[in-house]
Amino acid sequence: MKYQALVDGKAGDHELLLGNEAAVRGALEAGIGVAASYPGTPSSEIGDVFSIVAKASGVYFEYSANEKVALEIAAAAAASGVRSFTFMKHVGLNVASDSFMTTAYIGTRAGFVVLSADDPSTHSSQNEQDNRYYARLANVPMLEPSSPQETKDYMVEAYSISEKLELPVLFRTTTRVAHMRGDVVFGDRKPVVRKGVFEKDPARFVPVPANSSNMHVKLLSRLAEARHLSETSSLNHVVDVGVGGRVGIVTVGSTFNYVVDALEELGLSARVFKTGFSYPLPLDRIREFAADVDELLVVEELEPLMENDIKADFLSHGTRTPVCGKEELLVPRVHELNVDVVAKALANHFGVLLHVPASGKVQPWSSPLPSRPPVLCPGCPHRGSYLAVRRAIRELGIPEPVFASDIGCYTLGMAVPFSAADYLLSMGSSVGTAGGFDVATDQRVFSFIGDSTFFHAGLSALASAIHNKHRFVLTVLDNRTTAMTGHQPNPSMLTDAVGDPAPAISIEAVAKAMGVPFVKVINPYRVAEATEAYKEAAQVDGVAVIVAKQVCSLLLDRAKRAKGIWQTFQVDHSVCTACLTCVHDVACPAIFVSEGKAEINQELCDGCGVCSQVCAVHAIGVKK
Amino acid sequence: MRRVLAGLCSACDRGEEMSSLNVFFAGVGGQGIITGASIIARAAIAAGVNAVMSEVHGMAQRGGSVVCELRLGDVHSPMIPEGEADLIIGFEPVETVRSLTRANHHTVVITEVCPIIPVSVSLGGVAYPAVEDLLVYLRSQVVAVYAVPAAAMAEEIGLPQVANVVLLGAAMGTGLIPLELGTIRDTLSRTVPAKALEANFRALQEGFELTRKA
């Protein structure tokens, strides 16, 4: 079994682990019994690993329909005395936040850890919000590791803190920690407690107004205890770089790595205060630390949160050590930091020269290079759906249609030639915003949502649209998986998170049961039929639902190769008229132009045949 | 203490001590880039050399530019500072050239020569440059460029998926990576399915021979 070492590795063993893999080992060392999640990059690999190791570890793991449900599974399990873990990407915590806020009020019995994987620089997200605000908003303690080893170690510590305070612990990583690989030395695994007993205590667990106002009082007293733990925690410690440093630098998470490397690169000495237990900050210790240095720099990614806390604290205590933060150091409030950005800020502040490679920099390539943005894969079924909807719109002569999009691979349909994503907010927003465009304009609206996203946040929006008599064509791009995050299951599939058989919920049956007047299942690989379906759907006065059902080409290719059935397509150049319709309408990575004519890359072609259907002269056929 | 890698690197004659080795991987999603980098990282850790890696799992499963950064030695950040790559392993010619912002004149470059034409080119974007021109440019900028037909060699071996291991072998052949070839072989034995092991060994060896002789 892949990841066997995570299950039966002993104390002292070590493995090269991704931060996300290390989080799983940490949770296992803490003896968790229940884990639940909804996949989202950069947290997805945590679930991928649990899918494989959960059974062998004696842990219950599920992919819930969305992050809020996942958090609720874990919260209730923890209230029943079972150490529980839920993890999600930063914007997932927005979805879960309604329940998350209340878990702070009612607290927990067994350890309860909520991991948020933030994405500064929006490598794979719609925003780069700083979820450290959530610790402050909910008044819960927060830990932030810098490396895979710390991710593993801090997870164990997080459960202990959660139980001491009877509060959930927010465990915040970022892309550069979650997707950092490094050596991890294991500790011992605590035995798994898989079942507990829920002992009723309505005054504690039911926040009706009579109870909740007292809960807030109690929460603040727990937060004061958390501050005490932070003041004495070994997760907050000083690292001396060089000798005799007279400058103090407070830093956290991956930025700690950049600060240490930048100081070494610049040959500077400094005392670095690393905050692993980063909320509440150990302000007493930071004040003492500041008393021994000439000035205090605060270097942190995104928002100036530690900086503001420290400046306010120093002001109220009359601490005179100058504090330099974002504005003073010119550290940007946007995007992720790195060694270069931090080194530049420090060099500027200390008036030293930046290190330049001794050999000098290279000259860039003189002209623009062809760009290679992410694209729909060869054989991606979404391509057929977009092609069909575009053809139907053209044939019906619909002016200025609006495309309400959603979160998934299919958002890539925003690129030419499809240009099929005009507006996007969040998971499930294609359905709600479609109604808004319908109500506020006379434009026809076409919205697109994936199968997993449909169950995540599309269901209640669809109910709302039907009841409020909105008119739009909703396509559920049902590729039988949660593709973009790495092929996790969803409620429309026959297997669950750990590979066991599970009841599959039919999307078309759900739509019909809700009263959608037009529901049609299409195969997006059959372009003409799909186009006709869209022409029909566009006439419907109400919500029309098209379920474009075709398994993700990456999964299909794997299955075809395993069965030994593989075909590719090729262009017959004696027939090809060089009209390039296949190139421009299909926009498949496997099709390229060679000497003016279309050519198909045999390594990339997956044999879906969509291009052969748009060729007017039938020049594209199966390669013999 | 900073670990000094100099002396272990037979090909890096820079007149300065190296405390770390920075290897930058660039290519296209689906080429086995992260797998390839992980093999070196695992081997390094097995040999007692610290290794940290950074990877960005992009929005699409396939077809977009993918980079992976690997640093050996006593460093904290897994991301390579600008201009500080000691070795660039490019899995596709344009991606190799794109990654040259990470290079300095002493950087050693290994590049696959077979292009993968991006959709942007077919749709009338910037034309794909001649591979020969890309190689001329690379050679004008850095101390050594090894052009490796890794995909073709892997095809010849009979397993196209081992193109990444051909490139790893070529990287080892430069002598820059402070590890024994046997350590890489051991790591492959532990990570590659048994039926593909022979092809992987062959790919490693053929890549190694190619740059060692050069």
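Two strands pair if DSSP finds at least two bridges between them. Helices (H or I, at least four residues) and strands (E, at least two) are DSSP runs, numbered from the N terminus. With those ideas in hand, let us walk through this structure.

It is a predicted model, in which local features need pLDDT of at least 70, side-chain atom pairs count only at pLDDT 80 or more, and totals for chains, interfaces and linings use all residues. Residues are numbered from 1 along each chain as its sequence is written, while chains are lettered from A and ligands numbered from 1 in the order in which they are written.

**Chain A as a whole**

Chain A holds 23 helices and 23 strands. Its C-alpha atoms fill a box of roughly 80 × 70 × 50 Å along the principal axes. For 624 residues, a compact globule would have a radius of gyration near 25 Å, and the 27 Å of chain A agrees with that. This radius is taken over C-alpha atoms, and the globule rule is 2.2 Å times the number of residues to the power 0.38. Of the 624 residues, 55% count as buried. Buried means that 20 or more other C-beta atoms lie within 10 Å of a residue's own; exposed means 12 or fewer, and partly exposed is in between, with C-beta atoms placed from the backbone.

**The open sheet**

In chain A, seven strands form an open sheet with mixed pairing, in the order β3-β2-β4-β5-β7-β6-β12. Its edge strands, β3 (60–63) and β12 (277–279), each pair on one side only. Strand β2(A), residues 34–37, runs parallel to β3(A) over four bridges. Among the bridge partners, Val34(A) has Tyr60(A), and Ala35(A) has Phe61(A).

Which residues of β2(A) point the same way as each other? Val34(A) and Ala36(A) point one way, Ala35(A) and Ser37(A) the other, and all are buried. In a regular strand the side chains alternate between the two faces of the sheet.

Helix α5(A), residues 90–106, packs against helix α10(A), residues 209–232, at an angle of about 75°, with axes 8 Å apart. That makes α5(A) roughly perpendicular to α10(A), a label for angles of 65 to 115 degrees (under 35 is roughly parallel, over 145 roughly antiparallel, and the rest oblique). Axes are lines fitted to C-alpha atoms, for helices over the stretch in contact, and angles run from 0 to 180 degrees between N-to-C directions.

From α5(A), Ala104(A), Tyr105(A) and Ile106(A) meet Ser212(A), Met215(A), His216(A) and Leu219(A) of α10(A). Two residues are in contact if their C-beta atoms, placed from the backbone, lie within 7 Å.

| Cis peptide bond | Omega |
|---|---|
| Thr41(A) to Pro42(A) | near 10° |
| Tyr279(A) to Pro280(A) | about -5° |

Pro42(A) sits in the loop between β2 and α3 (44–57) of chain A, and Pro280(A) in the loop between β12 and α12 (283–291) of chain A.

Thr122(A) is not a glycine, yet has a positive phi of about 40°. Is Thr122(A) buried or partly exposed? With 14 other C-beta atoms within 10 Å, Thr122(A) is partly exposed.

**Meeting chain B**

The contact between the chains takes 50 residues from chain A and 53 residues from chain B. Strand β8(A) pairs with β2(B), residues 51–55, in the antiparallel sense over three bridges. There, Arg181(A) has Met53(B) as its bridge partner.
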